[in-house]
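Biologist: I am new to this structure and would be grateful for a guided discussion of it. May we proceed by question and answer?

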Amino acid sequence: MLEKIRNKHKTISLRYEFYNHTKDIPSKDWGLANPKENIFLSLEYLRTLENTLSETMKFRYILFYDGKTPIGLAATQLIKFNSAQLKFQEFPCRISDTIKNTLFKNLDVKVLVCGNLFSCGEHGFIYDSNRIRADLAFECLSDALREIRKSENSDKPSFILLKEFWPDSFDNSDNIKEHDFREFEIDVNMVLSILPEWHTFEDYLLSMRTKFRTRAKKVFKNSKKIIVKDFTDEDIDTYQNEINKLYLSVIEKAEFKIGKLNATTFRSLKQTLDKSFIFKGYFLEEKLVGFTSSFVLGDIIEANHIGIDYNYNKEYDIYQKMLYDYVDIAISSKANELRLGRTAEIIKSCVGAKPVKMKLYVRHGNSISNTLLKPLVELISPSEYEVRNPFKLQLD
């Protein structure tokens with residue numbers, strides 16, 4: 001555990017403590033600081049990532065206190081990648097040659113990420129808004145993150161990145177801009193609201209316009225030979241080699257990739273989270289040709305990583321079937337919302353998902369570079385996209 005840091009304000013006395021390993025975190029305090037039990041901030045989930053990915057990245061955790069009372073927490077990852085590996089021509093937020101040549105220049109880039117590299121959404125920082133104002137909470141977070149950066153000595157990260165916030169949180173998260181963080185929008189997250197009248201998947205199909213219902217039935221026809229199986233942790237272990245190959249085939253097509261999971265992580269997540277983590281295998285004549293994973297977050301289903309054998313994808317409409325299966329999971333789970341993540345906006349909108357803006361914040365560790373960062377970040381804009389409305393009635 002790193003040295004205890006104290007930070008005092010006129011209206012509230014705050015302190016925060018750092019931990020390098022989940023085993024060192026006081027579990028009771030962490031639980032009190034995570035009252036809504038966000039899975040991605042649970043010790044069980046974080047411990048799984050740490051145990052299976054510690055060879056490729058470092059993890060740092062923060063607990064925030066008002067006196068002896070835990071009032072917030074943050075989970076971070078320290079990563080390193082070579083800028084030559086980035087596909088700038090396919091960057092998720094279109095990035096100009098100016099940014100590429102100014103900030104990256106084919107070098108190793110170290111980043112301190114507050115958030116979750118493996119999931120979209122606000123899974124990096126939470127605080128008790130009843131005990132601390134947003135401006136003070138984000139000031140304290142900024143201080144803590146900068147302290148972590150300094151503690152890395154010769155291996156200091158160049159950037160601090162906060163990812164990523166939903167529109168409802170912008171008024172609060174924008175407070176971080178008072179501490180020299182620059183904001184920018186990233187590609188939209190495609191989200192489907194599950195209507196209360198959709199008791200079955202058939203109800204969902206009946207709410208569609210004829211054109212899109214016909215399209216769905218065509219997908220089912222083309223994929224009728226595909227057998228879907230709910231995987232246990234033992235199944236994931238049995239097919240770990242195939243899962244890794246399928247996952248890598250998707251990752252290699254990704255426009256932007258920093259950090260990746262593996263079958264060992266998926267198996268551990270299933271062992272740890274049980275029914276809160278859904279993993280399905282897609283078989284064609286006993287050959288595993290795909291998989292999906294998703295998390296049950298209360299009344300939200302969050303689609304997560306997938307794997308596909310692209311040799312079969314076009315003929316059997318595997319990816320499209322996966323999207324409809326996600327919808328089926330959400331309806332059968334009585335969820336209110338299905339989060340399908342970024343990319344593939346058109347095809348996701350064809351199942352009914354709508355775009356939701358997301359925002360990140362970034363700060364360069366060097367004050368001069370951080371000053372230069374502002375006009376460069378302003379050049380970043382989300383990728384353009386098109387969407388469709390498959391429903392008879394326009395959904396809000």
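**Overall composition**

Modeller: The protein has 14 helices and 16 strands. Please bear in mind throughout that this is a predicted model.

Biologist: What percentage of the residues of the protein count as buried?

Modeller: A residue counts as buried when its relative accessible area is under 20%. The protein has 396 residues. The share of them that counts as buried is 54%.

Biologist: Among contacts with a separation of 6 or more, what percentage comes from residues 24 or more positions apart?

Modeller: The tally takes in contacts in the protein whose partners have a separation of 6 or more. Within that tally, residues 24 or more positions apart account for 75%.

Biologist: How many salt bridges does a search of the whole structure find?

Modeller: One of the pairs is Asp24 with Lys23, whose closest N and O atoms are 3.5 Å apart. There is also a network of salt bridges, in which Asp174, Lys177, Glu183 and Lys359 are linked. For the whole structure, the search gives a total of 18.

Biologist: In the pair of Asp24 and Lys23, which residue is exposed?

Modeller: A residue is exposed when its relative accessible area is over 50%. Asp24, with a relative accessible area of 33%, is partly exposed. The value of 66% belongs to the exposed residue, Lys23.

Biologist: How many residues apart in sequence are the parts that Lys280 and Asp230 tie together?

Modeller: The side chains of Lys280 and Asp230 meet in a salt bridge, at 2.5 Å from N to O. Lys280 lies in strand S11 (residues 277-284) and Asp230 in strand S10 (residues 226-230), so the parts that the pair ties together are separated in sequence by 50 residues.

Biologist: Which helix holds Arg267, the partner of Asp237 in a salt bridge?

Modeller: The side chains of Asp237 and Arg267 meet at 2.9 Å, N to O. The pair links distant parts of the chain, 30 residues apart, with Asp237 in helix H8 (residues 233-238) and Arg267 in helix H10 (residues 263-273). Asp237 counts as partly exposed at 33% relative accessibility, and Arg267 counts as partly exposed at 22%. The helix that holds Arg267 is thus H10.

**Cavities and the interior**

Biologist: How many charged residues are in the lining of the largest cavity?

Modeller: There are 3 cavities of 30 Å³ or more, and about 50 Å³ of space lies in the largest cavity. Its lining is made up of Leu14, Phe64, Ile71, Gly72, Phe125, Tyr127, Ile132, Ala137 and Cys140. Strand S4 (69-82), strand S7 (125-127) and helix H4 (134-151) are the elements that each give two or more residues to this lining. By class, 8 of the lining residues are nonpolar and 1 is polar, while the number of charged residues is none.

Biologist: How far apart in space are Ala74 and Gly124, C-alpha to C-alpha?

Modeller: Ala74 is in strand S4 and counts as buried, at 0% relative accessibility. The residues that Ala74 touches include Trp30, Cys114, Gly124 and Leu141. Although Ala74 and Gly124 are 50 residues apart in sequence, their C-alpha distance is 5.3 Å.

**Backbone features**

Biologist: In which loop is Thr343, a residue with positive phi, found?

Modeller: Most residues other than glycine have a negative phi. Thr343 has a phi near 70° and counts as partly exposed at 40% relative accessibility. Thr343 is found in the loop between strand S14 (337-341) and helix H13 (345-349).

Note on methods: Residues numbered from 1 in each chain as written. Predicted model: local features only at pLDDT ≥ 70, side-chain atom pairs only at ≥ 80, totals over all residues. Heavy atoms only, no water. Salt bridge = Lys/Arg side-chain N within 4 Å of Asp/Glu carboxyl O. Buried < 20%, exposed > 50% of the residue type's maximum accessible area, 1.4 Å probe, protein only. Helix = DSSP H or I, 4+ residues; strand = E, 2+ residues; numbered from the N terminus. 1 Å grid on protein atoms, 1.4 Å probe; cavity = no way out; pocket = protein on both sides within 12 Å on 5 of 7 lines; lining within 4 Å. Points joined across faces, edges and corners; volume = space filled by probe spheres on them. Nonpolar A, V, L, I, M, F, W, Y, C, P; charged D, E, K, R; others polar. Contact = heavy atoms within 4.5 Å. Lists of a residue's contacts leave out its neighbours within four places in sequence.
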